[in-house]
Amino acid sequence: MAWWQAICTVVSANIILLGPLVLTGHPGTRYGISFPVLARSAFGIRGAHVPTLLRALVGCGWYGIETWIGGEAIFIMLPKFIRDSQLSNSLPWLGTSPLEFSCFIVFWLAQLSIVWNGMEGIRILEKYSAPILIILTSSLLCWAYVNAGGFTHMLSLSSRLSSSEFWSLYFPSLTANISFWATLGLNIPDFTRYAKTQTDQIMGQVGLPIFMGAFTFVGLAVTSSTKIIFGRVISNPIQLLGEIGGFTTTILAIIGISLATITTNIAANVVAPANALSNLNPSIFTFRRGALLTALIGIAFQPWRLLKSSESFIYTWLVGYSALLGPIGGIILADYYFIRRMNLSIRDLYSTNPRGVYYYWKGYNLTALVALGVGIFPVLPGLLENVGILNSVPNSFRTIYNNAWFFSFFFAGIVYLVLSCLKGKEKDDLWNERPLPNST
């Protein structure tokens, strides 16, 4: 792709995702409820554990990936003679070197110490990190501009893809970029529940396409500049820091990457799994215990294997898990806006009374679970081919897999609506319960 096509792809994906983000954030602000509680409306009091745990599982995987990136930053800071030692030799059974794994664990512990302070520690970190990250990102862009003599090289590059090749790459890339934020798109009520008005929660999210487009430009500009500066393309920011050199520069850059990693990782990949586990069994899982288990599962994902190649990261990890999250989002939005008409009974959302609105069949809404399965199933053949379990599948399944989030989101949502209408819309006088103050 040309540079402008790549930016347009990222911005388009974030504009598309902005809709589900704002729509899913609405009940969080209106009723002050988290994602696990909202999921009870569509999936049932007990059935809500299914979507929340699926979301939590993806969060654990992402936690491991982001932590590995932070560990790489620590690895770069080590003296060269340590990095060149026997400890840097990869162990076949581990899949990485003992030294890199140790750096990963150090960063893992650093993040856990912040999470241990709860939501207040997270809010403080997010508050002070944002301006620092903007300054450091701007500094990196200026460095690339000065040392490469401008961005003429990047701006002069044109796409090498034919029209058919471009579109065959565009849609999987669009799906992958949507999947990047699709995790937060589900559990956004965990954060919008603290917003005072709907305007506040909307204004807090509308900048996503702009900022993602801006950061994409920075990434492309800096990466293309490395061709001029070093004679080869360096796309890994951690490797680039090692090439820039200079103790002060390296330290500042490492701090920037560490802050970016920690703020993204904790907000997007700890809160949701911790809340899901707490919702599963509040007497056993506190927020801290949920966060600890999330971190431990993140290690079990072995993120260094997922990041071995960009292809496995994008087309297996990002596109693959979108097949799980897409149908959940479609079902929850279909239930809240078309079935419930934005009216929820707070009392019944927290009740295990068999007569409650959201108790359904023994606490499970079979309609939602069937729609979830129907939304995921058509994507499986393409996923199994991508991971090497199946040798070949029909092109129709490849197309479905390349557009996994779109297909599963709309297909599951429509199936849920049809099945719910056939079953008959459930009535409940408690729906007339007034929303909380400042909710409109």
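Q: Why is C142 called partly exposed?
A: Buried means under 20% relative accessible area, exposed means over 50%, and partly exposed is in between (1.4 Å probe, protein chains only). C142 has a relative accessible area of 48%, so it counts as partly exposed. Before going on, some ground rules: this is a predicted model, where local features need pLDDT of at least 70 and side-chain atom pairs count only at pLDDT 80 or more, while totals for chains, interfaces and linings use all residues. Residues are numbered from 1 along each chain as its sequence is written, and side-chain values use heavy atoms, with hydrogens and water left out.

Q: And what makes C60 buried?
A: Its relative accessibility is 4%, so C60 counts as buried.

Q: How many disulfides does the structure hold?
A: The count is 0, where a disulfide is a pair of cysteine sulfur atoms within 2.5 Å.

Q: What makes the D84 and K80 pair a salt bridge?
A: The term asks for a side-chain nitrogen of Lys or Arg within 4 Å of a carboxyl oxygen of Asp or Glu. For D84 and K80 the N to O distance is 2.7 Å, so the pair qualifies. Both of these residues are exposed.

Q: How many salt bridges turn up in a search of the whole structure?
A: There are 3. One of them joins R340 and D335 at 3.4 Å, N to O, and here R340 and D335 are both buried. Another has E385 meeting R398 at 2.9 Å. That pair links distant parts of the chain, with E385 in helix α20 and R398 in helix α21, 13 residues apart.

Q: Why does R398 count as partly exposed?
A: R398 has 28% relative accessibility, so it gets the label partly exposed.

Q: What makes the nonpolar surface patch?
A: F377, L380, L384, V387, I389 and L390 make it, and it covers about 530 Å². Patch residues have over 30% relative accessible area and no salt bridge; nonpolar side chains (Val, Leu, Ile, Met, Phe, Trp, Tyr) are joined within 5 Å, like charges within 9 Å. V387 has a relative accessible area of 42%, so it is partly exposed. V387 sits in the loop between α20 (380-386) and α21 (395-402).

Q: Which residues are in contact with H153, leaving aside its neighbours within four places in sequence?
A: They are S224, K227 and I228, with contact meaning heavy atoms within 4.5 Å. H153 is found in helix α7 (residues 152-156).

Q: What does the secondary structure come to?
A: You get 22 helices and 0 strands. Helices (H or I, at least four residues) and strands (E, at least two) are DSSP runs, numbered from the N terminus.

Q: How do you know that the radius of gyration agrees with a compact globule?
A: The radius is taken over C-alpha atoms, and the globule rule is 2.2 Å times the number of residues to the power 0.38. For 440 residues the rule gives a value near 22 Å and the protein has 23 Å, so the two agree. The C-alpha trace spans about 70 × 50 × 45 Å along its principal axes, and 50% of the 440 residues count as buried.

Conventions
Areas by Shrake-Rupley, 256 points an atom, 1.4 Å probe, with all protein chains shown as cover.
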